[in-house]
Amino acid sequence: MLHKNSTLSYCLQSTKIHCLLLVFAHTVREFFFYRKEYKLFYQKILLICLFIPFLNESMSFLGDEQFEGGNKEKRHREKRRDGSKDRRKRANAKRRERSRADRENEEFEERLGKREKGRRGRVKNDQEAKKRDEQDSEDKENSEDKEVKPESLSPDELEKLKEAVDEKKKLIQSLRGKPWPMKKKLVTLQETLRIQSHDDQDFENFKTACIPWEMKIKEIESHFGSSVASYFIFLRWMYGINMILFGLTFGLVMVPEALMGRPYGSIPRKTVPRAEEASAMDFAVLWDFGGYAQYSVLFYGFYSNQRAIGWLKFRMPLSYFLVGVGTVAYSYMVVIRTMARNANESGVGDDNSFNFSWKMFTSWDYLIGNPETADNKFASITTCFKEAILEEQESRKDDNIHLTRFLRVLANFLVLCCLAGSGYLIYFVVRRSQKFALDGFENHTWWERNEVNMVMSLLGMFCPMLFDVISTLENYHPRVALQWQLGRIFALFLGNLYTFIIALMDEINVKREEENIVKFNITMWEASLYNGTVSENFTASPITIHPADVPRGPCWETMVGQEFVRLIISDTMTTYITLLIGDFLRAVLVRFLNHCWCWDLEAGFPSYSEFDVSGNVLGLIFNQGMIWMGAFYAPCLPALNVLRLHVSMYLQCWAVMCCNVPQERVFKASGSNNFYMAMLLVILFLSTLPNIYTIVTIPPSFDCGPFSGKNRMFDVIHETLESDFPAWFSKVFSYASNPGLVLPFILLMVLAIYYLQSTSKSYKEANVELKKKLQMVIQIMKIILLLPTTVNNWRNNNASFQGQEGEILLPKSRQLENESYSCLIIQTYCLRRKERVTFFSKKTYDNEVKKKSFPVVFSF
Amino acid sequence: MGATASQLDTGKLSEYEELTFLTKQEILLAYDRFDKLVPKEEKNRIDYRVPMEDILELPELKFNPFKERICKVFSTSDKKDGSLDFDDFLDFLSAFSDSATLEIKSHYAFHIFDFDDDGTLDRQDLKKLINCLTGKADKTSLTPDEMRMLIDNILEESDIDQDGTVNLSEFQHVISRSPDFVSSFQIVL
């Protein structure tokens, strides 16, 4: 965009100077001719100065458009930012080409060198021969023959030859981009050079073959169109991110601790306490991630606070902390980069000037290969057209806006009520479950034990339906309505999640009070132990107490981790079960009961379910949010998520292919892409907030986890700096982290952001401005092209035109409302032909004429 | 692929690879698919022309409202019957592959939409195009009034030189700004 701007403005600059000179000369000449009218004329000339540059601009623009079609295509092709794969291919090919050209060059030079020796003795004949050869070689270039005798080469020719070779290479590269039939391309290729190495392309082929699930997605794409496929592409992208998060936590946290850390049972935090031992292996307990699962590398509490473990001296606590920070940082980076790329791609097309044409020319999805999808697509295109026409009509007249406004406010109010209600319900349920937990879960029914998760899942299932009903009140355009709907579901999920977190915070506080009591008790217990041993054994040898018997605090970090893991598990289960019941069972029933039912089940009430792209994407986003939130306290979460995504990929692919019908409203995928990404970013931000809060404000548990014994979790950085780095480094670091330095730095960053933002805004404005100017110039060009014929026609019709009135109908458009421009153009035109014109005020014309053109009345 | 692939020797294959936006596998797959359309007695001829009716039965094209136009545009047959030989078939797949450039795609899209092959999209072409897009069913077709308004709006937007038709450069100008043309103008075997 920037590049385009600068070239355009450069053009404007140069043409302006040029025109100023012209106009100046003109003025001087005219000054002597029309002294009387000079004053008026001067004003006009000034105006002309202002916009003759546009004229020149438009000339060159039109010239490009019409006469240099081929060149333009080539230039465009070089400039284009299309698929990066393609570009890479081309870059490789170019490199290849260059290296080959170099090789040839060397060869030629070698031969030249040999020739140089012999040449000195030779006579003038040689020179003539050379000239002949030169002509020959030119001919050869034309006849596309590459075999040039090296004996006849001078550096100049060599240069030429190289250019010719390059040209050929370029031609080959551009062949595939030419809209020629294959025969022509083949012939051209055979005439020119053959490409020898295909290594890069083979590698490219290999790379495309390595993309997972490509065929599956292609198959879905061909059945359901690109919007459903976009969900699966999103899923795959998510899978990739989770794979990396999983690699980080697994490789740098879980495996080192499992291999090099102290083994299970060596210290209290790594042992199942005596009271739980009996039930530690029960499936019900393991399913809730209690028992042996709780005291394993899966959760925070298992990690010991040894500074360095194993023969590698692996800094475990530091690694744990950095991995936690790294996962979040990596996720931010990836999301923001993707968003920026999406914005870049769609940024070109955000203007609304081709609304109808796009609907017309680009709305068919050529991937559709299924009759039902095709029918739905027909219907959706038709409604799209009808809506567009209606919108166009309605944009001119908006009636009863008050009613719509009232209804929209009402709808939003209702939705807010729903949100508040669901938030309260969750808070209530969580508090109640805490009461149950205090009593002990054994005394309660299954429902009471799983109330929180069930209520959250149920709310997530039914509230969106309610929102859907409410949104019919609003009467929005479907795309806008979809975004509102998504926003509301988003708010609902987020509200639920945050209520859940607030309730968790309460629980953390309870646990911490408990911890204080336990801490006190432990000192008492140790003292009594110590006293006891003193009295019994005088040598005070360390008494061995089994680690399972040591009293310990309630590790709140593990509790948080467990809560999140349970939430993920129940969420996954609900998703899969709704998939199986809502989609598969329904499809089976509809399919087989249809024979013996009183109405048509397939077309009538239950019918087959649709694949809900937006809902599924939202579910995925929220799932990811929970992973980000809980991953610090439960390193196993990314692993679980990878598993879940892997299963959903296959399960949903299968479900879509076997029991879903295409959506009735087929939306384009690309339109809402960045919308989803923005949601992901918001979720990422909101899920890092509670994490940062807990890390910064709450001291870690005293007897579990890698940070036990420290006042705050981030103290581990400080510790490492002090003990593992040279003194000067920690000094530098402490200076660097001084608020006096950090604050100005942040301020600088804010200023930089502000500056960049405002420049980008101004670029955007300049772009819009230039676009407008371009449109105007096109309009003016049209008038200029039209003018001679119009004037001539008029003259032919009026034999003695001197002093007569004439009128010209000029095409009218949105860009060129002001007719004084056109008058000015006519004036300049006539001035050049040394004819004087005077303009009159407009006559009255009927509306039909005025709509399409504006009449100009003048006399010579 | 075995026996069929042997017909497509490596030299030819790499030539095709160089000239199209397709990968080696895609070309082989295309050859396989094309070979199935060729009747038994004609097996050894790579330049056999598959008649349009057979091409239209391909599941990738079967439900495409522009299938006849696609065949007509890509066919190099002298008889203008829309029949495709293997070269044409590859041309067609290359233009619709996901790595083809916007220029090539918009060029072919223009010719597909240009129903009367006169080099411009006039009102009749646009009308046919709308009819193709809205399907054959009665409930989805537009009234003549709506049709007229739609065409008016389209011409107002994209007919820059205001000659009442949309020519290739105007068409490409409009298309190049569209966010999702390249992604939707795709056919994958």
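**View 1. Two buried cysteines of chain A.** Cys555(A) and Cys704(A) are both buried, where buried means under 20% relative accessible area, exposed over 50% and partly exposed in between (1.4 Å probe, protein chains only). The model is predicted, so local features need pLDDT of at least 70 and side-chain atom pairs, taken over heavy atoms without hydrogens or water, count only at pLDDT 80 or more, while totals for chains, interfaces and linings use all residues. Residues are numbered from 1 along each chain as its sequence is written, with chains lettered from A and ligands numbered from 1 in the order in which they are written.

**View 2. The disulfide between Cys555(A) and Cys704(A).** A disulfide is a covalent bond between the sulfur atoms of two cysteines; here the term is applied to a pair of cysteine sulfur atoms within 2.5 Å. The S to S distance between Cys555(A) and Cys704(A) is 1.8 Å. Over all chains, this rule gives one disulfide. Cys555(A) sits in the loop between α19 (478–536) and α20 (556–593) of chain A, and Cys704(A) in the loop between α23 (673–697) and α24 (715–724) of chain A, so the bond ties together parts that are 149 residues apart in sequence. Helices (H or I, at least four residues) and strands (E, at least two) are DSSP runs, numbered from the N terminus. The torsion about the S-S bond is about 85°, so the disulfide is right-handed.

**View 3. Cys659(A) and Cys658(A).** The closest cysteine sulfur to that of Cys659(A) belongs to Cys658(A), and at 3.7 Å it is too far for a bond. Cys659(A) has 3% relative accessibility and therefore counts as buried.

View 4. Residues 237–259 are 100% helix and 0% strand, with end C-alpha atoms 31 Å apart. For residues 732–756, the figures are 92% helix, 0% strand and 30 Å.

**View 5. Helix α9 of chain B.** This helix covers residues 123–134. Its 12 residues reach 16 Å from first C-alpha to last, close to the 16 Å expected at 1.5 Å a residue, that span being 1.5 Å times one less than the number of residues. Buried residues of α9(B) include Asp125(B), Leu126(B) and Leu129(B). Cys132(B) counts as buried because its relative accessibility is 18%. Gly135(B), with a positive phi near 80°, follows the helix.
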